[in-house]
Amino acid sequence: MEYVLSTNHLCKEYRHFKALNNLSMHVPKGAIYGLVGKNGAGKTTVIRLICGLQKPTSGNYTLYGTQNTDKRILEVQRRIGAVVETPSIYLDMTAADNLKEQYRILGLPSFADIPELLKLVGLENTGKKKAKNFSLGMRQRLGIALALAGSPDMLMLDEPINGLDPQGIIEIRELILKLNRERQITVIISSHILDELSRLATHYGFIDNGTMLKEITAKEVETNCRKCTQVTVTETSVLAYVLDIMNFEYDILSDTQANVYGDIPISVLVLALEKENCQVLSMHELDESLESYYINLIGGSHNE
């Protein structure tokens with residue numbers, strides 16, 4: 001697998017506080033990578049280091065094949081667009097003027113594609129309206145437009161839906177998906193709002209106290225979090241026989257317990273088992289969400 005970003009035992013210390021502790025992460029090309037952790041877990045620090053806003057205390061990272069100690073890293077970092085914490089916008093300027101200022105900072109020779117960029121983020125009709133009169137969602141979209149100036153290959157977004165209303169959240173979600181699917185931009189999103197992140201991410205990195213607890217794909221999370229019914233019967237060998245006939249996926253846990261996946265027609269299953277002289281003693285659903293998966297992961301890490 002091709003990784004556009006990989007970090008190796010990355011550490012960042014501020015006096016006596018360790019913001020990152022031997023953090024290793026791997027972001028595949030074209031991924032929407034959800035960097036998951038509570039406030040203060042180290043998510044923003046990771047983004048600041050990769051963008052070159054700060055330097056690691058120890059460890060290293062490789063970005064598009066270039067290590068951070070290589071003098072060419074500054075050139076490679078120009079392939080990143082980022083919105084760190086809050087968007088850096090001029091409130092007394094229009095959306096178009098904000099973009100023009102960003103183009104000047106980046107040394108871009110022409111403003112010709114600014115109208116297209118405004119259309120991409122849904123701000124093409126803001127005209128002379130100043131950014132101070134924008135909604136939070138509009139400001140966030142303008143921040144993303146500024147990050148897209150210079151046509152980056154990677155976009156790093158730090159808590160992009162914080163404080164947004166439901167409509168604003170939908171707009172940001174659709175924009176991120178569009179950028180990833182149509183422009184093949186790799187996106188790293190730091191967030192603690194897991195329900196929304198689960199609608200976007202293709203990969204996850206779960207971070208706590210500056211340490212990477214686990215990296216996992218969305219498909220693997222889906223497998224771990226999919227709907228499951230725990231069934232207790234008098235004999236699981238009979239249950240397995242019946243479930244095979246019914247074409248259900250299952251895991252045998254013991255002589256009397258099994259996890260059965262998907263929506264089970266309970267009455268049909270009970271009748272089929274009765275015919276084989278097997279009784280159902282109990283049934284209960286185990287429907288784990290991304291949030292509960294993360295909580296269990298954090299809990300497990302604290303209990304080690």
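**Close-up 1. L35 stands opposite G205 in β10.** Welcome to a predicted model, in which local features need pLDDT of at least 70, side-chain atom pairs count only at pLDDT 80 or more, and totals for chains, interfaces and linings use all residues. Residues are numbered from 1 along each chain as its sequence is written, and side-chain values use heavy atoms, with hydrogens and water left out. Four bridges join strand β4 (residues 32-36) to strand β10 (residues 203-208) in the parallel sense. Strands here are DSSP runs of E with at least two residues, helices are runs of H or I with at least four, and both are numbered from the N terminus; two strands pair if DSSP finds at least two bridges between them.

**Close-up 2. Six strands form an open sheet in the order β7-β8-β9-β4-β10-β11.** The pairing is mixed. At the edges stand β7 (80-83) and β11 (211-217), each with a single partner strand, so one side of each has no neighbour in the sheet. From one strand to the next, the twist averages 15°; axes are lines fitted to C-alpha atoms, for helices over the stretch in contact, and angles run from 0 to 180 degrees between N-to-C directions.

**Close-up 3. Helix α1 (residues 43-50) packs on the sheet.** Here α1 touches β4, β7, β8 (154-158), β9 (186-191) and β10, where contact means heavy atoms within 4.5 Å. The direction of α1 makes about 145° with that of β8.

**Close-up 4. The setting for these views is a protein with 11 helices and 15 strands.** Its C-alpha trace spans about 80 × 45 × 30 Å along the principal axes.
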